[in-house]
Amino acid sequence: MSKRIGIVGAGTAGLHLGLHLLRHGVEVTLFTERSPDQQRRSKVLNTVAHHAVTVERERALGVDHWPAQEFGYPGHEYRVGPEPTAFRGRFRAPSRAVDYRIYQPRLTEDFAERGGELVLGRLSPDDLPSLASRFDLVVVCTGRGPFAEMFERDPAHPPLTRPGRALCAGLFTGVAQQPVPQVTFHVSPGAGEMIEIPTWTDGGLVMALVIENHRGSALEALATTPYEEAPEAYRDLALELFREHYPDCSERIDPTEFGPLDGPRGILQGAVTPVVRRTHTVLDDGTVVLALGDAHVTVDPLLGQGANMASHAAWVLAEEVVRQDVLDRRFVEHVDMRRQDRVLSAFRTTNLLMENLEALPADFVEFLGELSRNRSLADEFTEWFNYPERFWDDLADPRRTAAWIARHTAASA
């Protein structure tokens, strides 16, 4: 039986879902507000790294245009101050980051070239009843605005009452790469965190900076001071704060070259409130409208899980669409059972680590110390970025964490 699927939103979730369905002969229409050319000219969309599990899906979809062996990086470094604890962890296979102003338009064009229907223009939830008459399933992938509000917050997973961090993120020039490109996590206790991500752009490799600032700290000014109003003053402010809070990064900055790539188009300032929403709603005619990606679960970017868990959930959904004949409530139950462990684990672990990084409680400091002393432990911790359910398996309870450390200690001995 031929199926027709409508997808609202052309981010990672929508694109991976649409491309996967096309491989199986499913009719897919993708609704997006911006054409590929408009995406290329837009403000920076985010700062995203795709881990090996996501790159593997891209390879299967035939859209691995930036092979990780060439464009990727092999691991992470973690630096926790004020008296730095520094350690490294390696992946089993490299991760990779590409400016989404390159990535999304290329995959959108792949979708259209492979027979997907691309519809440009703005939709609202009021359009859904008319869409329902055309499709067997409607999937909403946008986590902002009125579409996200269609899905009530899930009371089983209470959101934070406000954003956990004041955020500044962007693509920055003037930051020298490490001898071997890697992601670096910096922690300034009580003030904030910063993640450096080597990212490929049209102009080559630059550094994406995800700057997570605690409310009330001096670093919060990086999120609340509008860059476009006084770029030079903002640069001087950032350089001063980096020298105090992130000295290792500061030493690799050329002040004369430092600044957002593309000026105001290269930087984002704001905040994210983590939330889990209901997985679906059903229209009056019985058509299921399913939430995917940010429409379902929104996480803080601290652990870089948003796009990766969206890709995972899209893959699960595509497989169930192909497998099942009827796309009803029972179909949704199958989708939810398969995607929830990874998606909810990413949500829970991100919130847990954000909470611990606020004040570095003694047991968390000891945990970091164990990571710094045991390379196999640090490697497995780093590999968990591919599998956030493993994060949660071993961090959900202090007894689980102790058992995990004990296993590695015994193996090392």
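I began with a hairpin: strand 10 and strand 11 form it with two residues between them. Helices here are DSSP runs of H or I with at least four residues, strands are E runs of at least two, and both are numbered from the N terminus. The model is predicted, so I kept its limits in mind: local features need pLDDT of at least 70, side-chain atom pairs count only at pLDDT 80 or more, and totals for chains, interfaces and linings use all residues. Residues are numbered from 1 along each chain as its sequence is written, and side-chain values use heavy atoms, with hydrogens and water left out.

**Strand 11**

I looked up the pairing next. Two strands count as paired if DSSP finds at least two bridges between them. Strand 10 (residues 192-201) pairs with strand 11 in the antiparallel sense over 10 bridges. T199 stands opposite V206 there. Strand 8 (residues 166-173) also runs antiparallel to strand 11, joined by seven bridges. In that pair, A166 faces N213.

Then I checked burial (buried is under 20% relative accessible area, exposed over 50%, partly exposed in between, with a 1.4 Å probe and protein chains only). Nine of the 10 residues of strand 11 (residues 204-213) are buried, so the strand is largely enclosed by the rest of the structure.

I traced an open sheet of six strands in the order 6-2-1-7-16-15, with mixed pairing. Strand 6 (117-120) and strand 15 (280-282) are at the edges with a single partner strand each, so one side of each has no neighbour in the sheet. Strand 15 pairs with strand 16 (residues 288-291) in the antiparallel sense over three bridges. H280 stands opposite L290 in strand 16.

**Helix 16**

Helix 16 (residues 398-412) has 15 residues and reaches 21 Å from first C-alpha to last, close to the expected 21 Å. The expected span is 1.5 Å times one less than the number of residues.

Which residues of helix 16 are buried? I found T401, W404, I405 and H408. They cover an arc of only 95 degrees around the axis, which puts them on the same side of helix 16. The arc is taken from the directions from the helix axis to the C-beta atoms. An α-helix has 3.6 residues a turn, so residues three or four places apart point the same way.

The buried residues pack against helix 13 (362-373), helix 14 (375-383) and helix 15 (388-395), with contact meaning heavy atoms within 4.5 Å. The face turned away from the buried side carries exposed R399 and A410.
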